[in-house]
There are 2 protein chains.
Amino acid sequence: MHPLRRHIEEVVSLEDAEFDFILSHFTPINKRKHQYLMQEGEWINNEFWVIKGCLRAYVLDELGKEHIIQFAVEDWWITDYQAFEKGMKTQIYVDCLEDSELLYITKENREKLSAELQKMQQFWARKTKLGYIASQNRVLSLLKNTAKERYELMCAQYPNIIQRVSKKMIASYLGVSRETLSRLY
Amino acid sequence: MHPLRRHIEEVVSLEDAEFDFILSHFTPINKRKHQYLMQEGEWINNEFWVIKGCLRAYVLDELGKEHIIQFAVEDWWITDYQAFEKGMKTQIYVDCLEDSELLYITKENREKLSAELQKMQQFWARKTKLGYIASQNRVLSLLKNTAKERYELMCAQYPNIIQRVSKKMIASYLGVSRETLSRLY
């Protein structure tokens with residue numbers, strides 16, 4: 001079974017013809033380690049889904065320090081949702097931490113597919129809802145958890161990410177200094 | 001025009017009969033200042049919409065310190081979305097900072113309404129998407145902004161909230177100490 005079909009069927013079941021129709025709205029793209037999917041200042045019209053690989057989304061602050069918003073590994077979706085939804089230039093960078101195989105869908109195709117196939121509207125509504133809940137939990141963790149608690153939470157939630165990215169990046173994602181993280185582990 | 005109709009029509013336009021049908025799924029509820037809508041350990045089956053008033057959602061950490069997840073004023077939705085969606089007991093408290101007039105919808109009614117009226121599915125999908133984007137921006141602000149920048153961002157985004165809640169609560173929402181905020185303003 002195509003990995004995207006397996007992924008979508010975790011939310012809604014599909015007929016063969018429906019999946020073929022869905023897949024026809026996506027385009028495959030391969031990127032090498034260190035290549036960028038997007039950079040600050042660009043217009044964003046694509047949402048990416050990871051077949052294989054590992055990526056990160058980050059911003060640079062005024063001092064040039066990186067702050068990691070999100071990692072993405074197999075089965076994850078990644079883009080700058082604000083820029084994608086609101087037709088704005090992005091403020092973020094997305095680069096590949098490993099060679100990556102991706103599918104992308106344009107905003108127009110996503111809207112077309114949502115309008116034509118109720119199941120995809122359901123699927124994306126579910127994904128957005130879960131993303132919102134995860135983001136709210138992260139806000140809460142940033143407000144109330146110590147560096148140690150944040151790291152342990154991340155290990156429990158995303159064991160497959162912890163193993164694939166550097167300690168420096170984990171520290172940036174957790175909003176703690178590299179030194180603090182080193183002292184703990 | 002009913003305030004809920006005005007609010008929904010910011011996303012989708014409605015016929016009179018459609019709005020009557022929507023409204024029949026909601027129940028009005030009034031609460032006095034200091035009363036709770038939910039407390040840690042309760043099962044959550046309602047989502048609330050604020051007609052008039054001001055509320056906050058917060059957690060208590062192990063030391064009994066409050067961390068404010070969200071405020072809600074006129075036109076805002078509030079519940080513990082994780083508990084509401086996943087059928088879990090809540091870990092949060094929601095209380096009224098002013099006398100408040102609310103409407104609530106049960107989970108069953110929300111699902112029924114989404115299934116029966118495509119426009120409401122569209123409306124909630126849009127609201128969730130904007131909530132997700134706002135939450136991601138808050139994560140980013142917690143990671144990269146100084147206390148001063150966070151406060152200024154909040155003043156620009158939510159001027160109507162800043163005026164109605166205490167400095168102590170603003171500090172808790174921003175993840176800065178009351179002393180730090182006082183030093184700045």
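**View 1. The area buried between chain B and chain A.** In this predicted model, chain B and chain A bury about 3100 Å² between them, 65% of it on carbon and sulfur atoms (buried area being the accessible area, with a 1.4 Å probe, that two parts lose on being put together, summed over both). Y132(B), I133(B) and L143(B) supply 20% of the area that chain B buries against chain A, more than any other three residues. Counted by contact (heavy atoms within 4.5 Å), 35 residues of chain B meet 34 residues of chain A.

**View 2. A salt bridge between E85(B) and R126(A).** The two side chains meet at 3.8 Å, N to O, and the count between chain B and chain A is four salt bridges (a side-chain nitrogen of Lys or Arg within 4 Å of a carboxyl oxygen of Asp or Glu). Among the elements that give two or more residues to the side of chain B that touches chain A are α3 (81-86) and β5 (66-72) of chain B, while α5(B) gives the most, with 19 residues (helices are DSSP runs of H or I with at least four residues, strands runs of E with at least two, numbered from the N terminus).

**View 3. The hairpin of β4(B) and β5(B).** Strand β4 (residues 55-60) of chain B pairs with β5(B) in the antiparallel sense over six bridges (pairing requires at least two DSSP bridges between the strands), and A57(B) has Q70(B) as its bridge partner in β5(B). Five residues lie between the strands, and G64(B) takes a positive phi near 85° in this hairpin.

Residues are numbered from 1 along each chain as its sequence is written, and chains are lettered from A in the order in which they are written. Local features need pLDDT of at least 70, side-chain atom pairs count only at pLDDT 80 or more, and totals for chains, interfaces and linings use all residues, with side-chain values using heavy atoms and leaving out hydrogens and water.
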